[in-house]
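Good morning, and thank you for coming.

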Amino acid sequence: MIAPKKAAYAGNPSHLMPSELIDRCIGSKIWVVMKGDKELVGTLRGFDVFVNMVLEDVTEYENSPEGVKTTQMDQILLNGNNIAVLVPGGRPEDV
């Protein structure tokens, strides 16, 4: 199967490139699932082409055999190589 040409999507705002979606999330809550046992929820302040991200007002959730440990942080810089999933809007229980 041949992929449709990119120009076919130019007029349809429901089709976004991943970087465009992340760009629209700047200033909003975002839920970041990291590789391993950590998840973070915070306000996205910026990102680069490697999806390194700056978050503010961050809550970190770390899953362990003892349960979920939460840590509050003012600001954090995340390495894009360690990010598995990005969810605009924050965690479901935060909505």
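**Overall organisation**

Of the contacts in the protein between residues at least 6 apart in sequence, 42% join residues at least 24 apart; contact here means heavy atoms within 4.5 Å. What you see is a predicted model, in which local features need pLDDT of at least 70 and side-chain atom pairs count only at pLDDT 80 or more, while totals for chains, interfaces and linings use all residues. Residues are numbered from 1 along each chain as its sequence is written, and side-chain values use heavy atoms, with hydrogens and water left out.

The term pLDDT denotes the predictor's confidence in each residue, from 0 to 100. For this protein the mean pLDDT is 86, and 83% of the residues reach 70 or more. Where pLDDT is low, the predicted coordinates should not be read in detail.

The protein has one helix and five strands, which follow the order α-β-β-β-β-β from the N terminus. Helices (H or I, at least four residues) and strands (E, at least two) are DSSP runs, numbered from the N terminus.

Of the 95 residues, 27% count as buried. Buried means under 20% relative accessible area, exposed means over 50%, and partly exposed lies in between, with a 1.4 Å probe and protein chains only. The protein exposes about 6,600 Å², of which carbon and sulfur atoms supply 55%; accessible areas come from the Shrake-Rupley method with a 1.4 Å probe, and for residues only the protein chains shown count as cover.

**The sheet**

In what order do the five strands stand in the sheet? The order is E4-E3-E2-E1-E5, in an open sheet with antiparallel pairing. Strand E4 (67–78) and E5 are at the edges with a single partner strand each, so one side of each has no neighbour in the sheet. On average, neighbouring strands of this sheet are turned by 25° against each other, direction ignored. For such angles, axes are lines fitted to C-alpha atoms, for helices over the stretch in contact, and angles run from 0 to 180 degrees between N-to-C directions.

Let us turn to strand E1. Because five of the six residues of E1 (residues 29–34) are buried, this strand is largely enclosed by the rest of the structure. E1 pairs with strand E2 (residues 38–47) in the antiparallel sense over five bridges, and with strand E5 (residues 83–88), also antiparallel, over five bridges. Two strands pair if DSSP finds at least two bridges between them.

Val-32 illustrates both pairings: Val-32 stands opposite Leu-40 in E2 and opposite Leu-86 in E5. Ile-30, in turn, has Gly-42 as its bridge partner in E2. E1 and E2 form a hairpin with three residues between them, and Gly-36 in the turn has a positive phi of about 100°.

Val-33 also lies in E1. Val-33 and Ala-84 are 51 residues apart in sequence, yet their C-alpha atoms are 5.6 Å apart in space. Leaving aside neighbours within four places in sequence, Val-33 is in contact with Lys-38, Glu-39, Ile-83, Ala-84 and Val-85.

**Individual residues**

Is Glu-39 buried or exposed? Glu-39 has 16% relative accessibility and therefore counts as buried. This residue lies in E2, and its side chain makes polar contacts with the side chains of Trp-31, at 3.1 Å, and Arg-91, at 2.9 Å. A polar contact is a pair of N or O atoms within 3.5 Å; within protein, one must be able to donate a hydrogen and the other to accept it, and residues adjacent in sequence count only if both atoms are side-chain atoms.

Thr-70 belongs to strand E4 and is partly exposed, with a relative accessible area of 48%. The C-alpha atoms of Thr-70 and Glu-60 are separated by 5.4 Å, although the two residues are ten apart along the chain.

Finally, consider two backbone angles. Val-51, in the loop between E2 and strand E3 (53–64), has a phi near 60°, a positive value in a residue other than glycine. Asp-57 lies in E3, and its phi, near 50°, is likewise a positive value in a residue other than glycine. At 49% relative accessibility, Asp-57 counts as partly exposed.
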